[in-house]
Amino acid sequence: MAQGWLQFALFLVLLTALVPLLGTYLAKVFQGERVFLTPVLGPIERLGYRAFRVRPGDGQDWKAYARSLLVFSLLSWLLLYLILRTQDVLPLNPEGFGSGPWNLSFNTASSFVTNTNWQYYGGETTLSYFAQMAGLAVQNFLSAAVGIAVLAAVVRGFIARSASSLGNFWADLTRIVLYVLLPIATLAALVLASQGVVQTLSGSELVHTLAGGQQTLAFGPVASQEAIKELGTNGGGFFNVNSAFPFENPSSFTNLLEIFLMLSIPASLPYAFGRMIGNRRQGWAIYAAMIAMFVVAVAVVFAAEQHGSPAQHAAGIGGGNMEGKEIRNGIAQSSLWTAVTTVTSTGAVNAAFDSLTGIGGLVPLANLSTGEVIFGGVGSGLYGMLMLVLLTVFIAGLMVGRTPEFLGKKIEAREVKLVLVAVLTTPLLVLVATAWAVAGHDGTMSIYNAGPQGFSESLYAYMSQANNNGSAFAGYTGFLQPNAPGNAGAEGFDFANLLGGVVMLLGRFLPLLAVLAVAGSLAGKRVAPLGAGSFRADSPTFVVLLIGVVVIVAALTFFPAFLLGPAVQGLTDQLF
Amino acid sequence: MNGLRRDLTTAATALLAFTLLLGLAYPLATTGVAQLAFPGAADGSKVEVDGRVVGSELIGQDFGGEPGYFQGRPSATEYSANVTYFNNLGPNSRELAEFFAAQRDAYLKREGRYDPGLTVAEIPADAVTTSASGVDPQISVANARIQARRVAAVRDLPLERVLALVDDHTEGRFAGLFGEPGVNVLKLNVALDQEAPQ
């Protein structure tokens with residue numbers, strides 16, 4: 001037990017040490033400054049601009065920025081859908097898999113374009129290497145880059161002085177892919193491959209085992225996908241059991257590395273923000289609020305899992321809850337991963353969430369319910385948190401009777417309305433979709449477990465999809481694949497696939513547009529000098545207030561739903 | 001309208017360029033480098049016995065209850081390495097409790113013959129629970145030390161020798177700190193076959 005806490009403490013120290021380094025680098029990339037990779041990548045970057053026929057210096061107002069982003073995402077969706085639907089005639093399909101059904105492909109395309117990576121399919125049993133590489137992994141890069149680009153644009157809106165430009169979407173996209181995601185992913189992929197994460201184009205291999213049985217080993221270009229899947233907070237596993245599978249995550253070392261990849265960018269962005277606005281304290285204040293909530297999440301899930309489950313106690317089995325966990329990860333690294341993958345919007349798992357204890361499973365749900373702002377997705381986490389910062393400023397302003405302002409800009413009715421759209425869209429989607437999904441047979445046919453766990457599965461499914469996380473209580477099913485070669489007879493559930501897909505798209509793009517609109521509105525405002533009466537947003541008091549707002553918004557919205565599922569199971573030893 | 005049309009051409013060009021770069025160049029270059037630099041690891045860390053591949057050291061396999069072998073953890077997938085899924089039963093599931101009880105009884109019966117003092121309280125949790133991957137290559141050290149008595153008796157080896165082999169095949173925490181130690185079952189069984197062929 002003490003050993004587990006030591007692992008967490010060391011992890012936090014290492015993470016916090018990384019933040020200023022990567023944060024500085026990110027800020028430089030956002031501001032178009034020279035970095036150490038510029039001599040190598042600069043020519044490629046300029047080649048890209050020529051091919052795309054854009055001038056990186058051409059500023060776009062928020063509407064133009066949003067239009068470029070939406071057009072790009074729409075084409076991305078169409079291409080991915082096309083690949084998924086035609087993989088049977090495309091190359092690199094050693095297992096000869098058929099193409100996906102329309103409803104499943106709709107869900108999957110929506111999932112990867114929105115940085116969600118919710119998976120109703122199992123990778124190693126349905127997808128060709130081409131679909132994984134050229135379809136899914138490309139969106140792992142691009143959806144992450146889109147999220148980070150929006151953040152960069154929003155920060156520019158905060159610091160602009162009576163301007164309208166938020167930057168250039170195409171330049172942001174290109175620079176983030178070339179200078180941030182691709183170099184780190186390449187390096188990480190090679191390190192992972194050196195540790196046993198497979199990276200090959202060979203098809204599966206049948207072996208005769210030591211005890212005289214047979215086993216078919218599935219392979220693929222896994223390391224290259226694993227690296228960006230964690231780095232871009234995407235989370236879609238090459239294999240169905242995700243990073244629990246040893247070919248994705250073979251050792252204690254790779255486990256730690258992958259956890260770092262998930263958190264590195266989201267944790268460094270507040271620092272980058274602080275550097276860009278010229279107030280590093282402000283960056284650290286937001287980081288402090290995030291890390292405080294994260295520490296609580298880790299502690300609760302670890303303590304709950306150490307306690308063991310009612311099912312194992314009924315059988316007289318002591319120790320912690322090892323059901324659905326791997327030996328090499330143990331309870332400590334499974335708990336840490338579980339917290340990291342749900343505070344960030346990654347959603348990759350190294351343990352089975354459906355088999356977490358009641359309270360252990362409540363933690364990922366609670367993390368998601370904050371709207372993915374405790375670190376959150378790359379870019380989307382911080383821009384979501386900045387909306388809550390504005391809300392906190394507004395509430396604090398009401399309490400002390402002053403016009404609320406942030407970074408010297410007045411926060412007025414228009415901004416507050418847009419902030420509320422950004423903050424409340426996702427919870428509304430979650431609650432409506434969950435209610436719909438448990439109300440009739442179309443939705444409940446996806447449920448696997450009986451009793452309150454069945455409700456938890458449904459709530460988790462729509463919580464995860466609306467918040468673009470992608471982790472699951474994986475008993476929840478949207479796709480059946482009878483044991484037939486080439487996916488013959490495979491079918492998706494219309495209800496689960498379509499509702500989920502729509503929820504992911506709305507959960508991604510509605511808040512994103514509201515956030516860009518806020519940035520556009522703020523960009524045009526003058527900056528007032530900080531007076532003696534100004535409420536400081538970089539103080540410990542503010543950190544506490546911000547945490548309060550995050551927790552209260554989530555708790556007021558979701559507390560009744562939590563009681564119906566995971567809380568019931570955490571409070572009783574009864575079996576269902 | 002003009003702006004939209006320009007966005008469409010730019011988006012199409014950019015998407016094509018990024019698909020070539022990120023969807024083909026990146027994974028293929030990574031594959032090339034990994035295959036040259038780490039051929040064993042990138043190809044699945046295969047284990048050979050007498051020149052024949054018997055599996056991967058990272059992927060657990062079914063030892064079919066053979067008393068001369070260490071046995072891996074229960075698996076929801078019968079150790080499938082190409083169709084993977086979780087057990088997915090919840091913490092308060094009656095079905096799961098019954099599964100644990102059955103695994104517990106089987107373990108007691110199998111090991112109790114060679115370790116008559118073995119009690120339910122001593123059974124390590126990993127011996128009755130399914131792993132996440134279904135192919136966990138490891139078992140806990142406590143689990144291996146219990147099974148060592150059976151394996152030693154069946155193979156007619158001194159218990160100390162078998163325990164020493166267990167120690168040799170125990171993989172520690174990263175940097176002595178992160179993760180948990182575990183015993184690699186396949187490698188241990190291969191070593192046993194070399195030491196005392198059945």
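Helices (H or I, at least four residues) and strands (E, at least two) are DSSP runs, numbered from the N terminus. This is a predicted model, where local features need pLDDT of at least 70, side-chain atom pairs count only at pLDDT 80 or more, and totals for chains, interfaces and linings use all residues. Residues are numbered from 1 along each chain as its sequence is written, while chains are lettered from A and ligands numbered from 1 in the order in which they are written. The model scores ipTM 0.97 and pTM 0.97.

- Chain B has a mean pLDDT of 96; pLDDT is the predictor's confidence in each residue, from 0 to 100.
- In chain B, 99% of residues reach 70 or more.

**Contact between the chains**

- Chain B gives 90 residues to the contact and chain A gives 106 residues; two residues are in contact if their C-beta atoms, placed from the backbone, lie within 7 Å.
- On the side of chain B that touches chain A, the elements giving two or more residues are helix H1 (2-37), helix H2 (39-42), strand E2 (52-56), helix H3 (94-112), E3 and H6.
- H1(B) supplies the largest share of that side, 23 residues.

**Strands of chain B**

- Strand E1 (residues 46-49) of chain B pairs with E2(B) in the antiparallel sense over four bridges; two strands pair if DSSP finds at least two bridges between them.
- B:Glu48 has B:Val53 in E2(B) as its bridge partner.
- E1(B) and E2(B) form a hairpin with two residues between them. B:Asp50 in the turn has a positive phi of about 55°.
- Three other strands of chain B make an open, antiparallel sheet in the order E3-E5-E4.
- Strand E3 (138-139) and strand E4 (170-171) of chain B are the edge strands, each pairing on one side only.
- Helix H6 (residues 185-195) of chain B packs on this sheet and touches E3 and E5 of chain B.
- The direction of H6(B) makes about 50° with that of E5(B); axes are lines fitted to C-alpha atoms, for helices over the stretch in contact, and angles run from 0 to 180 degrees between N-to-C directions.
- E4(B) and strand E5 (residues 182-184) of chain B pair in the antiparallel sense over two bridges. B:Glu171 stands opposite B:Gly182 in E5(B).

**Positive phi in loops of chain B**

- Most residues other than glycine have a negative phi.
- B:Asn88 is not a glycine, yet has a positive phi of about 65°. B:Asn88 sits in the loop between E2 and H3 of chain B.
- B:Asn88 has 24 other C-beta atoms within 10 Å, so B:Asn88 is buried. A residue is buried if 20 or more other C-beta atoms lie within 10 Å of its own, exposed if 12 or fewer, and partly exposed in between, with C-beta atoms placed from the backbone.
- B:Asp156 is not a glycine either, and has a positive phi of about 60°. B:Asp156 is in the loop between helix H4 (141-155) and helix H5 (159-168) of chain B.
- B:Asp156 counts as exposed because it has 9 C-beta neighbours inside 10 Å.

**Helices of chain A**

- Helix H2 (residues 38-52) of chain A has 15 residues and should span 21 Å; the expected span of a helix is 1.5 Å times one less than its number of residues.
- The end C-alpha atoms of H2(A) are 20 Å apart, which agrees.
- Just after H2(A), A:Arg53 takes a positive phi of about 55°.
- A:Leu261 lies in helix H9 (residues 252-276) of chain A. A:Leu261 is buried, with 25 C-beta neighbours inside 10 Å.
- Not counting residues up to four places away in sequence, A:Leu261 touches A:Ala188, A:Ala227, A:Glu230 and A:Leu231.
- A:Leu231 lies in helix H8 (residues 222-231) of chain A. A:Leu231 is buried, with 27 other C-beta atoms within 10 Å.
- Leaving aside neighbours within four places in sequence, the contacts of A:Leu231 include A:Leu181, A:Ile184, A:Leu261 and A:Ile265.

**Hairpin of chain A**

- Strand E1 (residues 205-208) of chain A runs antiparallel to E2(A), joined by four bridges. A:Glu205 has A:Leu217 in E2(A) as its bridge partner.
- Five residues lie between E1(A) and E2(A) in their hairpin, and A:Gly212 in the turn has a positive phi of about 90°.
- Side chains alternate along strand E2 (residues 214-217) of chain A.
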